Amino acid sequence: MPDRLDVLTGSCVQIPCSFDIPDQHKDKFNSAILPSGVWIKENSKFREKPDNVIFNSSKMVNRYQGEITGNISQMNCTTVFFNVTTNYTDKYYFRIESQPYRATDPDKSVNIVVSDLPSSPIITVSGEVKEGTPVSLNCSAVAPCPEHPPELTWTLPTQFTTENQLQENPDQTISVLSTVTFTPSYLHHEKNITCTAVYPVGTSNKKAEHNMMLNVSFSPKDTSASISPADSVSVGSCVNLTCSSTANPPVTNFTWFQISEGETTQVASGLSYTLNVTVGDGGLYYCEARNSQGCGKSNEVQLAIKGKMGTKDTIVG
């Protein structure tokens with residue numbers, strides 16, 4: 001049995017259940033004669049409180065409406081209770097009664113917790129979310145009443161495909177798993193995604209959702225270079241070039257290049273590049289921003305020098 005089951009008011013609950021007979025008592029367990037399964041609430045010592053017996057498969061009428069769906073003769077005591085109410089919240093013990101073997105395991109119980117609202121589904125990410133690389137996200141929601149499992153839907157900022165299936169968990173409880181596959185771009189970084197679980201309960205629905213912000217890794221984008229002052233300058237004056245870029249993870253390296261007389265030369269590194277202008281500094285400049293995902297190249301800005309042959313005193317940028 002699982003340790004705990006979270007259940008919705010008005011729905012059903014399936015309790016995965018199995019048992020073993022100790023070797024010294026196996027001769028007393030006669031599987032040919034259908035044994036009875038008994039569920040006891042609160043305390044395994046039901047003789048002190050006989051009202052704690054809430055279900056006995058050998059009786060036509062029980063305090064709890066339910067049925068043992070497992071084959072008790074094969075030691076499967078899986079049970080379903082219907083129309084669960086909040087007063088079902090408690091610990092439950094299973095007892096086997098056959099001829100002449102009768103036993104209750106006082107050390108093993110299932111804690112049933114009934115609430116009016118379902119628990120939120122859980123979103124997990126399979127691997128790193130990178131621009132241009134297909135990625136899968138999983139959303140899992142418990143299905144305490146497998147006859148009426150929740151329906152899972154996604155809200156994403158892009159086109160996607162989904163695949164839904166029921167799955168059995170290690171404790172034999174049932175969940176609904178929805179897998180969504182899409183190809184993220186850098187525009188999806190820090191956008192919200194939502195998985196919504198809708199549970200049918202009677203003639204109405206109850207829903208819960210899980211929101212998550214996407215963390216998309218992408219190479220530098222919108223890389224831009226600027227120059228200050230933007231007007232032509234005199235030899236000996238100070239000029240500052242600045243590079244900006246958007247990237248995730250952040251840019252780790254900025255590199256500056258000069259284009260002069262058709263030749264491209266790496267001249268500096270860093271977010272900013274400050275120089276005291278000499279005659280040979282005139283020309284076009286651009287920067288490259290790099291992170292672990294790649295690099296981005298900026299626009300070209302012109303450094304014009306006053307009085308240098310072939311230049312004019314114009315605003316550049």
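On a 1 Å grid over the protein atoms alone, a cavity is a set of points where a 1.4 Å probe fits but cannot get out, and lining residues have an atom within 4 Å of a point. The model is predicted: local features need pLDDT of at least 70, side-chain atom pairs count only at pLDDT 80 or more, and totals for chains, interfaces and linings use all residues. Numbering starts from 1 along each chain as its sequence is written, and side-chain values use heavy atoms, without hydrogens or water.

**View 1. The two cavities.** The whole structure holds two cavities of 30 Å³ or more. The largest cavity has about 50 Å³ of space, a volume being the space filled by probe spheres set on grid points joined across faces, edges and corners. Its lining consists of Leu8, Ser11, Cys12, Ala143, Pro144, Cys145, His148, Tyr199 and Pro200. Seven of these lining residues are nonpolar, two are polar and none is charged (Ala, Val, Leu, Ile, Met, Phe, Trp, Tyr, Cys and Pro count as nonpolar, Asp, Glu, Lys and Arg as charged, the others, Gly among them, as polar). The second largest cavity has a volume of about 40 Å³. Gln14, Pro16, Ala143, Pro144, Pro146, Gln172, Thr173 and Ile174 line the second largest cavity. That lining has five nonpolar, three polar and no charged residues.

**View 2. Gln172 and Glu261, two residues with positive phi.** Gln172 is not a glycine, yet its phi is near 75 degrees. Gln172 sits in the loop between strands E13 (161–168) and E14 (174–182); strands are DSSP runs of at least two residues, numbered from the N terminus. Gln172 is partly exposed, because its relative accessibility is 38%. Glu261 counts as exposed because its relative accessibility is 81%. Buried means under 20% relative accessible area, exposed over 50%, and partly exposed in between (1.4 Å probe, protein chains only).

**View 3. The largest pocket.** A pocket is an open set of grid points with protein on both sides within 12 Å along at least five of seven lines. The largest pocket has a volume of about 240 Å³. Its lining holds 14 residues; Ser18, Phe19, Phe94, Thr104 and Asp105 lie nearest the centre. Strands E7 (90–97) and E8 (102–104) are the elements that give two or more residues to this lining. E7 supplies the largest share, three residues. By class, eight lining residues are nonpolar, two polar and four charged.

View 4. Pro229 belongs to the loop between strands E17 (218–228) and E18 (238–248). Pro249 lies in the loop between E18 and strand E19 (253–260).

**View 5. Ser36 and its contacts.** Ser36 is found in strand E3 (residues 36–41). Ser36 is buried, because its relative accessible area is 14%. Beyond neighbours within four places in sequence, Ser36 contacts Asn56, Ser57, Ser58, Ile72, Arg95, Ile96 and Glu97. Contact means heavy atoms within 4.5 Å.

Methods:
Helix = DSSP H or I, 4+ residues; strand = E, 2+ residues; numbered from the N terminus.
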